[in-house]
Amino acid sequence: MVTVDVLIIGGGPHALTIASLLSSPNTEPRPNDPAQSSWCSDSTKPTPDKRCCSVKRKKGKTKNDGLVSPQLSLLVVDSYGEWTTLWESQFTALSIPHLRSHTLVHTDPLNKHALQEFILKTDRSAELHRLQDQVYILDENAFFSDMRLGKKEKKRLNVTSSLKKSLSFSLPGTTLSVDFFKDQVRWVYNLDKVMLKGTVENIIPVVKDAGSIKQVKHFKVQLQDGTILQAKRVVIATGPSRAQMANIPSWVKNIGEAYPEERLQHTVELMHYLSKSKQTQTEVVPSKVCEKGHRVMVVGGGLTSKMNVPSLITVQVSEAVWCYKNQVWSLSLSTGDHWTGDKIWLATGCKLDVNQDPLLSGVMKEFPVQVIDGWPCITEGLQWAEGCPLYLMGQYTALQVGPHAVNLAGGQAASVRIAKDIRQQKNPADPRNGEKSKTEDYIQHMHGLLWL
Ligand SMILES: Cc1cc2nc3c(=O)[nH]c(=O)nc-3n(C[C@H](O)[C@H](O)[C@H](O)COP(=O)(O)OP(=O)(O)OC[C@H]3O[C@@H](n4cnc5c(N)ncnc54)[C@H](O)[C@@H]3O)c2cc1C
């Protein structure tokens, strides 16, 4: 059996960022040059840059010309077998017109201006959305609360005149972002060929005897269809919307009666709807949040509920009973009230707890780590533990990467750390492995993180 150097689980934006970086092992991320980030504001010409200009949008002329990496063999496995398909599915399902992050936050780890250049190349600046002209911050705990500011500071915060001109602070449209990802996969890094369709069920660390320190020889990665893959290193980039990790309240588990599946659903199913329809080659019709005239209860008050319903009240459900005769739900609420209706949407999010994640049970057993409120205490290089080269991306890395870990900016930050760690382990003599100061690292990660 062939053992790949790196196996990435997941094909979303985070996986795309790290795969791009690992497939270009001899290229350093371009240092952030704040002066360059304003190129859009005064002209439509991209900043001359030798490396990004050499990226031709012609078949066979990619950065990764026919070779994934001269040093690392790389494989990506995703349930849908396509890059960033879940991203597209969730934005369509929730009818989100544009990203909430700006154009400097994206998936190309080697070119900060890649998205802006793509917009100009394809003449699609009309698909950029402007940030609100005025931003008010009224959180009483926030340092910059508008309530605490004097006139001068308020003026400074509402920097409309200069920002209006700067496309750097524009929000890309949904279709634009998807087309950018596709362009990056196909023409810039040539990554379609490393993609394998499959759902990982189990990750088993095979340990070698290396004296007192436990050391993984390789990982056995088992797919749903029984296939076993072998990898020296594994990167988990499975994202925040895994149906397997959907948060199901206890009152749902206590429902005794059988009820029609479509009458009680979790919003995570909505997010996967489009991708699943494509896979089963069924006609892709827009998913229905509810039927006309239906009385709907949305439980949970997070992001997805706000995107689906205009107004919300906050109550807790104590009990749910399905009435077979009338085909309706009867809910007992914490207020003592009762609700009768046709459909329940659980907008209760997904669990964030490595202890409950079946993908991580094998490594947790062999390499137990401290877990704080569901977050694992992993290394600075985002490795699970010393001797266990399993790397994490996304929300699980929040203790190292910070609160933006789940966002595109978190993917950028995580991929730099992981690639550096892998490079160091693979080639300790590489002069580029010289220690960068922590401050330098933080400054690099903080660039472009405004307005996430
Ligand atoms: C509605 C919404 C809007 C968002 N908007 C923004 C935004 O504007 N800006 C921003 O910065 N962030 C945004 N985010 C946050 C974040 O950037 C996205 O969630 C993003 O999709 C995360 O990328 P990812 O690669 O970690 O996960 P995903 O995009 O969820 O991709 C994970 C992939 O892993 C695969 N997978 C999962 N489990 C397995 C398995 N066991 N085996 C094989 N494959 C598996 C899935 O099929 C999927 O393709 C948004 C999130 C949501 C939910």
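**Exercises on the ligand shell and helix packing**

In this predicted model, the ligand is surrounded by 31 residues, of which Asp78, Arg100, Ser101, Val200 and Leu408 are the closest.

**Exercise 1.** Determine which protein atoms lie at 2.9 Å from an oxygen atom of the ligand, at 2.8 Å from an oxygen atom of the ligand and at 3.3 Å from a nitrogen atom of the ligand.

*Solution.* 
- Step 1. For asparagine 407, the side chain is involved: one of its N or O atoms lies 3.3 Å from a nitrogen atom of the ligand.
- Step 2. Leucine 408 contributes a polar backbone atom, placed 2.8 Å from an oxygen atom of the ligand.

**Exercise 2.** Describe the shell around the ligand by secondary-structure element and by residue class.

*Solution.* 
- Step 1. Two or more shell residues come from each of these elements: helix H1 (13-22), strand S2 (74-78) and helix H4 (85-93).
- Step 2. The largest contribution is that of H4, which supplies four residues.
- Step 3. Sorted by class, the shell comprises 16 nonpolar, twelve polar and three charged residues.

**Exercise 3.** Classify the packing of H4 against helix H10 (residues 267-279).

*Solution.* 
- Step 1. The axes of H4 and H10 are 7 Å apart and form an angle of about 120 degrees.
- Step 2. H4 is therefore oblique to H10.
- Step 3. As for handedness, the crossing in which H4 passes H10 is right-handed.

**Exercise 4.** Carry out the corresponding analysis for H1 and helix H8 (residues 174-188).

*Solution.* 
- Step 1. H1 packs with H8 at an angle of about 30 degrees, and their axes are separated by 11 Å.
- Step 2. Angles under 35 degrees count as roughly parallel, so H1 and H8 are roughly parallel to each other.
- Step 3. The crossing of H1 past H8 is left-handed.

Methods: Residues numbered from 1 in each chain as written. Predicted model: local features only at pLDDT ≥ 70, side-chain atom pairs only at ≥ 80, totals over all residues. Heavy atoms only, no water. Near = heavy atom within 4 Å. Polar contact = N/O pair within 3.5 Å; in protein donor to acceptor, adjacent residues only side chain to side chain. Nonpolar A, V, L, I, M, F, W, Y, C, P; charged D, E, K, R; others polar. Axes fitted to C-alpha atoms, helices over the stretch in contact; angles between N-to-C directions. Parallel < 35°, antiparallel > 145°, perpendicular 65-115°, else oblique. Left-handed = near helix turned anticlockwise from the far one by under 90°.
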